[in-house]
Amino acid sequence: MSRVAIVTDSNSGITQKQGKDLGIRVLPMPFYINEELFFEDITLTQEEFYKRLAADADISTSQPSPGDVTDLWDELLESYDEIIHIPMSSGLSSSCETAMMLARDYEGRVFVVDNQRISVTQRRSVLDALMLADKGMTGKQIYDILMREKLEASIYITLDTLKYLKKGGRITPAAAAIGTVLNLKPVLQIQGEKLDAFSKTRGLKSAKKSMLDAVEKDLTQRFAGKEMYLDLAYTCSQEDALQWKREVEARFPGYEIHMDPLSLSVSCHIGFGAVAITCCHKVPELQ
């Protein structure tokens, strides 16, 4: 039986401690804050990140260095036969493309999964990979299953502020000003590679309803008859996050819902105060 190691990055929301407990490896994502290098969950905490963000620090995302990636792979391949590497979506970072290029030198022993996941949906892919490996599947078999499932997920996010969309050039200053005056709360979605607009609503209550309605439509139409996970992510306070979880549980009783802080690579583009909901298909091989 092939021994398969699982590798992901900190965009999955899996902390270094959680990774150790699970028996997987988590590459920390690098950030430059006022030109100083930090690593998520190593030298940069969620609290420190939002403190710097609120102070209008110059924050830019990066990707793990090729040397760090191959050093980790080389270490793992001393004990394992194959590696499943699950980075964040290629539509949101070049780290996936870099890993795919590096894997060509490993003669089929490293499988890089570009299944368009981020945050709690990426976490689900990692857990699926881990369970499939425990069932004795090879790296190629796990890769094929995860790639087959790549578009079987939805993410919806609503923001508290338009400041960071304006800062990133996603909306114009005029649109941001009008939206702020009218208390517009955009809902964004990921239905594949990129973060796109889904709807505009007046106020947080309406934005949440828009997301819940969208997920209900996914569950009853797009994913009708399939077993699904529901998960949540947030950049707001813990109190507001727990309130959001209660609202989701009331709307969708019977689901065991996991919730994590949203990965910082997305957070830096949307700011503090956001809530998100995701649904993704349960892999049939694990049902």
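Strand β1 (residues 4–9) pairs with strand β6 in the parallel sense over five bridges. Two strands count as paired if DSSP finds at least two bridges between them. Helices (H or I, at least four residues) and strands (E, at least two) are DSSP runs numbered from the N terminus. The model is predicted: local features need pLDDT of at least 70, side-chain atom pairs count only at pLDDT 80 or more, and totals for chains, interfaces and linings use all residues. Residues are numbered from 1 along each chain as its sequence is written, and side-chain values use heavy atoms, with hydrogens and water left out.

Together with helix α4 (residues 95–103), β6 and β7 make a right-handed β-α-β unit; right-handed means that, with the strands pointing away from the viewer, the path from the first strand over the helix to the second runs clockwise.

Strand β6 (residues 82–86) is mostly covered, with five of its five residues buried. Buried means under 20% relative accessible area, exposed over 50%, and partly exposed in between (1.4 Å probe, protein chains only). In a regular strand the side chains alternate between the two faces of the sheet. In β6, E82, I84 and I86 lie on one side and I83 and H85 on the other, and both faces are covered.

Elsewhere, G203 is placed in the loop between β10 (195–202) and α9 (204–222). G203 is buried, with a relative accessible area of 9%. The C-alpha atoms of G203 and T138 are separated by 48 Å, the two residues being 65 residues apart along the chain.
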